[in-house]
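Here are a few notes from going through this one, meant to be read with the structure open. Have a look and see whether you'd read it the same way.

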Amino acid sequence: MFGKRGNEGQGKGGGVSAPPLPSAAAPPASAPAVLVEPAREPGRYQVTPPPMQTPQRRRPARTDEYYDTKAQVFSALIDTIDLSQLAKLDGESAREEIRDIVNDIITIKNFAMSISEQEELLEDICNDVLGYGPLEPLLARDDIADIMVNGAGQTFIEVGGKTIESEIRFRDNGQLLSICQRIVSQVGRRVDESSPICDARLPDGSRVNVIAPPLAIDGPALTIRKFKKDKLTLDQLVRFGAITSEGATLLQIIGRVRCNVVISGGTGSGKTTLLNCLTNYIDRDERVITCEDTAELQLQQPHVVRLETRPPNIEGEGEITMRDLVKNCLRMRPERIIVGEVRGPEVFDLLQAMNTGHDGSMGTIHSNSPRECLSRIESMIAMGGYSLPAKTVREIIAGSIDVIIQAARLRDGSRRITAITEVIGMEGDVIITQDLMRYEIDGEDTAGRLIGRHLSTGIGKPHFWDRARYYNEEKRLAAALDQMEEKSKDV
């Protein structure tokens, strides 16, 4: 044991019921990194929940007596431990050091508790000092896709496409806000009364959104979109039933032959997961630049530049928008530009990039169908203040986008790729599209799971056939389309 200052038994908190645990315990900037799992990607396509990686024991409800005991032990720990020395240890060694000191404090103060209660207290205090407090058990579980904290007393999780309430609770809203501040400060952002909305990410890449009082009336609302340890691939999406093997081959070819792709879908439909899958088929010698609000894409190519937006500072200055990033991309000699999510006028700059030699660019957008996706893009351009005739805007869209891939989260919690749609061109004032594949729902089984099938639309040669031939992929493309059509006839 090291760095003791005074007697472990002489905690300065004494009978204080609840000191501000996370803020008092927050290590300095040089403290050990939080112990988290490697990069994850949201498991968006499971039909049924996979077995939990880490079984969660049922915790008894926290009592005032528990928090009082924890407060006294925690206060004595802060008096005893030297955080500057703790910062020099790796995560596991620091956790063991804290456990040793806490065990000594419990012995000296003669707290009456069982072995299981003592273990629970040890784990809670270690999580408060080194991690994210009550969130740590949820972050350690790889079967959870989303964590939604609605104030200190209510936490929901999404497992296997279904949202259920967790037993995890925070001591009070002050503890929850302190943990939120710890999360966002790691990426140079802040959340407080003057800046109550913040997007951030965890060290593993999980996406974080915080909205604090006074905007959140019942206490801070924290939402975490978790990444899985292992990246999903198109082969895994086939096993989950999100798409057929022939459809997956079609997507591989679309990514390989540098089609300009927009992935459309609602919240939680798996757009980012699908975008990650498609980027696997980008050639390793291409220069790829990604633009995101919070960096979460996981490209494996060696030549990748990752850019991230920046919110304004406390004086309201210094903001870097998505449009600023996309504009700057064009000066960085990109071969492909990938925009994590298109939300506003930056869509016009992305379309310009797609139309001026940056083939194979990709992005995602919130919409419920390929046709609605085109309408949303047109609306976003209008929102940017461009006074262009509607026909000109549609001509730009039709000349820029090659393929729209529609993803959906169905009412049973499963994710499906519901359409692969080509943008053909213009006919009069209307953008013409054609579906290469679509998903049809036939009904549901006795367990409430939806039953459906992916069907070919019978298109002989897609519009990007010449592009596929240029990349020597026309035979594989023809075979995939033929197999899709044969299977559709057999149904």
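1. Helix 12 is the top contributor to the lining of the second largest cavity, giving 4 residues. Bear in mind that this is a predicted model. Strand 11 (362-366) also supplies at least two residues of that lining, as does helix 12.

2. How big is the second largest cavity? Its volume comes out at about 60 Å³. Searching the whole structure turns up 2 cavities of 30 Å³ or more.

3. If you want to select the lining, pick Val 262, Val 342, Val 347, Leu 350, Leu 351, Met 354, Gly 363, Thr 364, Ile 365, Ile 377 and Ile 401. Sorted by class, that's 9 nonpolar and 2 polar residues, with no charged ones.

4. Now for the helix pair. Helix 12 (residues 346-354) and helix 13 (residues 370-383) have axes that come within 7 Å and cross at roughly 110 degrees. Angles of 65 to 115 degrees count as roughly perpendicular, so helix 12 is roughly perpendicular to helix 13.

5. Which residues make that contact? Helix 12 brings Val 347, Phe 348 and Leu 351, and helix 13 answers with Ile 377, Met 380 and Ile 381. By class, the contact of helix 12 with helix 13 has 6 nonpolar residues, no polar and no charged.

How values were computed:
Residues numbered from 1 in each chain as written. Predicted model: local features only at pLDDT ≥ 70, side-chain atom pairs only at ≥ 80, totals over all residues. Heavy atoms only, no water. Axes fitted to C-alpha atoms, helices over the stretch in contact; angles between N-to-C directions. Parallel < 35°, antiparallel > 145°, perpendicular 65-115°, else oblique. Contact = heavy atoms within 4.5 Å. Nonpolar A, V, L, I, M, F, W, Y, C, P; charged D, E, K, R; others polar. 1 Å grid on protein atoms, 1.4 Å probe; cavity = no way out; pocket = protein on both sides within 12 Å on 5 of 7 lines; lining within 4 Å. Points joined across faces, edges and corners; volume = space filled by probe spheres on them.
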